[in-house]
Amino acid sequence: MHINPHLFMLARPPYLIVWDYNNHTQYELNLDYSTRLAQLIEEPEQFNSSNTIDCDFLAANILTLSKQNTVEWGWDELSKIFHIGTKNIPSEQTPNDVHEWSKQYLDHCNEVLAAPAPTAMRALRPTGDLIVLPSPSSSPASSLVRSLFSRKTCRSFNDDPVSLNDISTLLYLSLGHLKERESDSDNAIPEGLGARRSSPSGGGLNACEGFIYVRNVSALKPGLYCYHSDQHALSLVNPLPDEPLGQLLCGQHFINNLPFGLFITSRFDALWWKYEHSRAYRMAYVEAGHISQTFQLIATALGLNTWLTGALADDRVEALLGLQDSAEQPLFFVGCGQGDGQALCDELNALINRQEAR
Ligand SMILES: Cc1cc2nc3c(=O)[nH]c(=O)nc-3n(C[C@H](O)[C@H](O)[C@H](O)COP(=O)(O)O)c2cc1C
């Protein structure tokens, strides 16, 4: 008999909460169950099939008949519990097409909007003696300002391909190791950590990496490719799967014809090497956010529409990127292509119009 290796226990008087963070299940244990669990943790061989508590533990997967494999995490327990505990979020029903997605999303919004929104924190801040700032220098003559004003999340793409030149520009300017900064170095930078990107990177580690999703890019076969930031080159990891992109992104099927996207991953082992504290886990997402925004601004400057999500079907995405059981994990997805710039897909718009007409 074995103890499930993914248990996290929390004191919530009068109970002990046992949370199986891999399978997203929780149990409240009273004193009898807690005491028995403590005994079995010390000696799992004490398992007794005529003891109801023991049988309940087995049925709940708190005890397992065979030893469960655990990932080679290589990092601290707190980040592991959070990362694994928020992966592969179970859904009662992942939408199978854009119509199902639109209905579920609209129902969800209606449910959320039925309760009042949280009071703005701003209302609690001091308001006396406002110092009015001068007008921002935001002349659209600057291309950065134009990109900032034009970037918008688009949820309606067409079937036009993205050019390989645009992909090259996007990848180099968002993730590539910039040749233009090679001379920008000082003696304090350790050997091997001198590469610099357009976005800042925690500890200069460039822990974020990228894998691209290619569905419709001229002169590039559809598939999932790994981007080599140091060589500005690609290598094929897997052909495109049979299931549409929306299935990999938690049922968001309005995105199925997106021509191109970037999965942003993080090398947790690299972060942990330099920063031996769970707090470094926060930095992984902050860095991914920088890269995501840079990608979107470049895409906007290239005249492309952009979309983004953190809703990944984690196990499936990891398998496609060849990152199963790896210390490198996918965190975020950002994509671009030609579209009509609409924030809502036609199917959701139609449902909203029907709801308003009632
Ligand atoms: C961290 C993060 C996660 C997001 N996830 C999703 C998502 O799963 N699906 C989606 O359609 N949009 C997603 N968005 C886009 C937001 O809905 C969008 O940015 C917001 O509505 C504001 O619109 P704008 O981007 O056009 O300014 C996400 C944005 C951020 C920053």
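Colleague: What makes strand 2 and strand 3 a hairpin?

Modeller: Strand 2 (residues 7–12) and strand 3 (residues 15–20) run antiparallel, with two residues between them. Strands here are DSSP E runs of at least two residues, numbered from the N terminus. Pairing takes at least two DSSP bridges, and these strands have six. One example is leucine 7, whose bridge partner is aspartate 20. Mind you, this is a predicted model: local features need pLDDT of at least 70, side-chain atom pairs count only at pLDDT 80 or more, and totals for chains, interfaces and linings use all residues. Residues are numbered from 1 along each chain as its sequence is written.

Colleague: What makes a nonpolar core, and which residues touch the most other members in the largest one?

Modeller: Such a core is a set of buried Ala, Val, Leu, Ile, Met, Phe, Trp, Tyr and Cys residues joined through C-beta atoms within 7 Å. The largest has 59 residues, and Phe211, Ile212, Tyr225, Tyr227, Phe260, Phe263 and Ile264 touch the most other members. Helix 9 (residues 280–301) gives the most, nine residues. A second, separate core of seven residues includes Val18 and Leu29.

Key
A residue is buried if 20 or more other C-beta atoms lie within 10 Å of its own, exposed if 12 or fewer, and partly exposed in between; C-beta atoms are placed from the backbone. Helices (H or I, at least four residues) and strands (E, at least two) are DSSP runs, numbered from the N terminus.
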